[in-house]
Amino acid sequence: MNAQPAAAHETAAPVGPYVLPPLKFAYDALEPVIDAETMRLHHDKHHQGYVDKVNEALEKHSEWLGLTIEEILRRLKELPEDIRQTVRNQGGGHANHQFFWKIMTPGGAPAGPTGDLKAAIETEWGSFEAFKAAFETAGAGHFGSGWVFLVCRPKRSFKLEILTLPNQDSVLLQEEPAPGLLACDLWEHAYYLKHRNARAAWLKAWWDVVNWPYIGERLAGVKAGKKQL
Ligand code: MN3
């Protein structure tokens, strides 16, 4: 075992034991897309639970606590077997939710994607509308809990791709690097109080809170070689 402290370029990401990052907006700031009660439960209970449980697992092999959750997920196969699946689930849950809170903003970004991101979306799907439809179809069609992601493939000329993953699996577990640009939570806890069983309605409503300028920055970061979820 040879866990190293996080590299300098990852200083923004904290090492363990992890702490629930506070929301950057009020619980009701994403209404009517996400109601305050859902936000409270989702952030304060669900996300906190993932944080607590991944910390509990890593304390058994505390040399790993010196790494960011992103680095641990990238190196999951090196983790001691007795905690590997727990860290995949709970650590994945922590990383996915940390990512999810960052990509949303009150009022969203009505202008949608711009610049390089807009061009990359149009190259792949023809139009922003067609991309949204493909993302919604992938998310609505995913069986059971999981996430739908927009990722970038640095090894294939930064080609964009939509993928769905089960449970709390992170894009960082992918064999071929696939940094995440966007992610929507498909677990019922993310939408059930407001949208009931209508996952497709949740996905359609969710565009209204996506922070497109930030997604554009993430793509620029990937292109600049920055390691991020
Ligand atoms: Mn969730």
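Residues are numbered from 1 along each chain as its sequence is written, and side-chain values use heavy atoms, with hydrogens and water left out. Because the model is predicted, local features need pLDDT of at least 70 and side-chain atom pairs count only at pLDDT 80 or more, whereas totals for chains, interfaces and linings use all residues.

The manganese ion is coordinated by His42 (NE2), His97 (NE2), Asp185 (OD) and His189 (NE2), at 2.0 to 2.2 Å. Donors are N, O and S atoms within 2.8 Å of the metal (3.2 Å for Na, K and Ca); water is not among the atoms, so sites may look incomplete. Along the sequence, the donor residues follow the spacing H-x54-H-x87-D-x3-H. Asp185 has a relative accessible area of 0% and is therefore buried, where buried means under 20% relative accessible area, exposed over 50%, and partly exposed in between (1.4 Å probe, protein chains only). His189 also counts as buried, because its relative accessibility is 18%.

The second largest pocket holds about 500 Å³ of space. Its lining comprises 21 residues, of which Arg74, Leu172, Leu173, Gln174 and Pro177 are the closest to the pocket centre. On a 1 Å grid over the protein atoms alone, a pocket is an open set of points where a 1.4 Å probe fits, with protein on both sides within 12 Å along at least five of seven lines; lining residues have an atom within 4 Å of a point. Grid points are joined across faces, edges and corners, and the volume is the space filled by probe spheres set on the points. The lining of the second largest pocket divides into ten nonpolar, three polar and eight charged residues. In this division Ala, Val, Leu, Ile, Met, Phe, Trp, Tyr, Cys and Pro count as nonpolar, Asp, Glu, Lys and Arg as charged, and the others, Gly among them, as polar.

The structure holds 15 aromatic pairs. One of them is the stacked pair of Phe100 and Trp206, with 6.2 Å centre to centre and 15° between the planes. This pair links distant parts of the chain, since Phe100 lies in helix H3 (residues 81-102) and Trp206 in helix H7 (residues 199-206), 106 residues apart. Phe100 is buried because its relative accessible area is 1%, and Trp206 counts as buried at 0% relative accessibility. Phe128 and Phe131 form another aromatic pair that is stacked, at 6.4 Å centre to centre and 15° between the planes. Both residues of the Phe128 and Phe131 pair lie in helix H5 (residues 128-141), three residues apart, about one turn of the helix. Phe131 counts as buried, with a relative accessibility of 0%. Rings of Phe, Tyr and Trp (its six-membered ring) pair if their centres lie within 6.5 Å; planes under 30 degrees apart count as stacked, over 60 as edge-to-face and the rest as tilted. Helices (H or I, at least four residues) and strands (E, at least two) are DSSP runs, numbered from the N terminus.

One aromatic cluster is formed by Phe100, Trp101, Trp125, Phe128, Phe131, Phe135, Trp147, Phe149, Trp206, Trp207 and Trp212. Elsewhere, Arg40 lies over the face of Tyr27, at 4.1 Å from the ring centre; a charge sits over a ring if NZ of Lys or CZ of Arg is within 6 Å of the ring centre and within 35 degrees of the ring normal.

Turning to the backbone, a cis peptide bond joins Gly16 and Pro17, with omega of about -5°, and Pro17 is placed in the segment before helix H1 (36-58). A cis peptide bond also joins Glu31 and Pro32, with omega of about 5°; Pro32 is likewise in the segment before H1. Phe158, although not a glycine, has a positive phi of about 65°. Phe158 is found in the loop between strand S1 (146-153) and strand S2 (159-166) and is partly exposed, with a relative accessible area of 27%. Arg196, a residue other than glycine, has a positive phi near 55°. The place of Arg196 is in the loop between helix H6 (192-195) and H7, and at 46% relative accessibility Arg196 counts as partly exposed.
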